[in-house]
Each structure stands twice: as structure tokens, then as C-alpha cells.
Amino acid sequence: MMKQYKIYANPQGNYEAVKQGWSWPAFFFSFIWAMVKKMWGLGVGVLIAFLVLGFIIGASGSGSGGDALIRVASIIVKIIFGVNGNKWRESNLPKRGYEYKETVAAANPEGAVALYMKENSEG
């Protein structure tokens, strides 16, 4: 199934393809995904927020009610990451020296970059 990918390139010749819409990796891996994608502030911020929440709930002795609160917060964060993950990547790449090139339809990110490079090769 073809998906829409926005292609970004940096002056060193590196390419990134960002799928449009929902991000399953961001949904499943949230703060880890953010750090892998070099969005350090977001990843570390969410990790610290959950550590602080866990500490507060643990210190309050709220037991299963606290566990339920952490599960609900985790699901909410996962949904927010799934919905916004790719948009966050799009706004982060220009800060890292990448420039938007064009949108292509492809089956996967690697195919999107290969298609872009094939269509825009010189010679």
C-alpha cells in the first residue's frame, strides 16, 4: 500500500522520509522513539515526567489507584505521540539543517528516498 512521504535533505547529502499521518513507532515507543529521532527535549521531558509521576504516586501510597492513573496517562501519551509524531519530526528536521524537497508516494521510507533520488538525479 502506497503512503505519502515528505522528503527532507541536508547539505551533507542525508535524506529523511517522513510519513504523513499516524505514526505507529511513535505510538508504541513514545519517548524512546523521540530520542532515536533526535528530539532530545521531547524524549527526555516525557521520561522525566513519568519518573516524577511514578515517584509522586509511589510516595503517596495510592496503590492500585495510582497504577491505574499511570496506565491511563501512558495511553494518553501514546495516542498524542501517534497523532503528532510525524508532525513533530517535520518541525524538528529543519532545526537540524534539513530542507523540505517534495512529497512522494511509496510503500516505505526507503522506497520514498530512492524514488526521490531517482527522479532528481543529475545526468
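Let us begin with V113, which touches I7, Y15, E16 and A17, leaving aside residues up to four places away in sequence; contact here means heavy atoms within 4.5 Å. The model is a predicted one, in which local features need pLDDT of at least 70 and side-chain atom pairs count only at pLDDT 80 or more, while totals for chains, interfaces and linings use all residues. Residues are numbered from 1 along each chain as its sequence is written, and side-chain values use heavy atoms, with hydrogens and water left out.

V113 also belongs to the largest nonpolar core, whose 8 residues are Y5, I7, A17, V104, A106, A112, V113 and Y116. Such a core is a set of buried Ala, Val, Leu, Ile, Met, Phe, Trp, Tyr and Cys residues joined through side-chain atoms within 4.5 Å. Buried means under 20% relative accessible area, exposed over 50%, and partly exposed in between, with a 1.4 Å probe and protein chains only. At least two residues of this core come from each of β1, β3 and α4; helices (H or I, at least four residues) and strands (E, at least two) are DSSP runs, numbered from the N terminus. The most is given by α4, with 3 residues.

I turn now to the sheet. Its 3 strands form an open sheet in the order β2-β1-β3, with antiparallel pairing; two strands pair if DSSP finds at least two bridges between them. Because β2 (15–19) and β3 (99–106) stand at the edges with a single partner strand each, one side of each is left without a neighbour in the sheet. Strand β1, residues 3–9, is joined to β3 by 7 bridges, and Y5 stands opposite V104 in β3.

Finally, the charged pairs. How many salt bridges does the structure hold? There are 3 salt bridges, each defined as a side-chain nitrogen of Lys or Arg within 4 Å of a carboxyl oxygen of Asp or Glu. E16, one of the residues that V113 touches, forms a salt bridge with R89, with the closest N and O atoms 2.5 Å apart. E16 lies in strand β2 and R89 in helix α3, so the pair ties together parts that are 73 residues apart in sequence. E16 is partly exposed at 23% relative accessibility, whereas R89 is buried at 8%.
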